[in-house]
Amino acid sequence: MKYFKSLCVVCVVVSLMKAETSVKLEQNLRKERDLAVLNLQNYLGEVKRENFLQLSEHGANYFLPFSYTFKGKYPRHKRTEAKFQISLKKPLFENIFGFDEKFYFAYTQTAWWQLYKDSSPFREINYQPEFFVSVPLYIDQFENLKSIRVSLLHESNGKDDTELQSRSWNRVYISTLFVYDRFFITPRLWYRLPEKDDDNKDITNYMGNFDLAVSYLAKDCFASVLVRNNLNFKRNKGALQFDAGFDFWGNGVFLYVQYFNGYGESLIDYNRYLHKFSLGFYIAY
């Protein structure tokens, strides 16, 4: 009986040691999945993806089954719809000019899906193919300034001119990334390339020539604000978007909310004021 009790004590001690080891291992794994660290590494291209094409996240990837428009009407469409976005990038070349620069091709597709209407049609789909180069910065006096990105971006809704709903524009933009602790600040300035057959000549009056994103990234949650404005004080137009997510399940799938107020949520609505709230899931890495 004495030996049996001793064996039980040993088993309990071993179980506690295993549990403590398991907790430490889980903590280490969660530390390795620190959202701020992963986002910075992904932005700078410091992580080599193991998939065949080395694809990685470019913009946000999410599915919002509930997206409701409080203000702003869609002709012949319901106010409640679904919205989703897929955004990926593929590395092409690196260090061609000796600046440790990296060249990428990226693709983003955003869809507004009338899921709750008969036949569930897609109200709008926007396509954004993009070619960009990212140059890391190594400046001792400005160590929080991480990189400069220069990009050629096309955006279109893929509709024909005969439908009178064709929307497209081409831009060259420059952006930079400033990191302070867990705050990521990304200003972006663009120039719209002129087009011969322009189906939305006044788009910069509503979309402006710049935007600014400020994000706070914790280990398992995030919040960000995007501001866009045309800086025209007489006919001021712009947009504000707020995003927040929390990784309840610890698997990279976040409960996600998105709030939008202003112009340009989609190309078809670039000149229409909208006030929207959306709820769904954000998928990271």
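Predicted model: local features only at pLDDT ≥ 70, side-chain atom pairs only at ≥ 80, totals over all residues.
Local features need pLDDT of at least 70 and side-chain atom pairs count only at pLDDT 80 or more, while totals for chains, interfaces and linings use all residues. Residues are numbered from 1 along each chain as its sequence is written, and side-chain values use heavy atoms, with hydrogens and water left out.

**Pockets**

- The largest pocket has a volume of about 250 Å³. A pocket is an open set of points on a 1 Å grid over the protein atoms alone, where a 1.4 Å probe fits and protein lies on both sides within 12 Å along at least five of seven lines. The volume is the space filled by probe spheres set on the points, which are joined across faces, edges and corners.
- The largest pocket is lined by 14 residues, and P75, R76, H77, Q165 and I268 are the closest to its centre. A lining residue has an atom within 4 Å of a point.
- Seven charged, five nonpolar and two polar residues make up the lining of the largest pocket. Here Asp, Glu, Lys and Arg count as charged, Ala, Val, Leu, Ile, Met, Phe, Trp, Tyr, Cys and Pro as nonpolar, and the others, Gly among them, as polar.
- The second largest pocket holds about 200 Å³ of space. Of its 13 lining residues, L44, E46, P136, Y138 and K146 lie nearest its centre.
- Strands β5 (122-136) and β6 (145-156) are the elements that each give two or more residues to the lining of the second largest pocket. Strands (E, at least two residues) and helices (H or I, at least four) are DSSP runs, numbered from the N terminus.
- By class, the lining of the second largest pocket has six nonpolar, five charged and two polar residues.

**Salt bridges**

- Side chains of opposite charge can pair when their charged atoms come close.
- The structure holds 12 salt bridges, each a side-chain nitrogen of Lys or Arg within 4 Å of a carboxyl oxygen of Asp or Glu.
- E81 and R123 form a salt bridge through their side chains, at 2.9 Å from N to O. Because E81 lies in strand β3 (residues 80-94) and R123 in strand β5, this pair ties together parts 42 residues apart in sequence.
- Both E81 and R123 are buried; buried means under 20% relative accessible area, exposed over 50%, and partly exposed in between (1.4 Å probe, protein chains only).
- In the salt bridge between D198 and R192, the closest N and O atoms are 2.8 Å apart. D198 is partly exposed at 22% relative accessible area, whereas R192 is buried at 13%.
- E265 and K276 meet in a salt bridge of 3.4 Å, N to O. E265 is in the loop between β12 (253-262) and β13 (274-283), and K276 is in strand β13, 11 residues apart.
- Shared partners join E81, K83, R123, E265, D269, R272 and K276 into one network of salt bridges.

- Seven of the 10 residues of helix α2 (residues 35-44) are buried, so the helix is largely enclosed by the rest of the structure. The buried residues are L35, A36, L38, L40, N42, Y43 and L44.
- D34 caps the N-terminal end of α2, with a side-chain oxygen 3.0 Å from the backbone nitrogen of A36.
- S56 is in strand β1 (residues 56-57) and counts as buried at 8% relative accessibility.

How values were computed. Polar contact = N/O pair within 3.5 Å; in protein donor to acceptor, adjacent residues only side chain to side chain.
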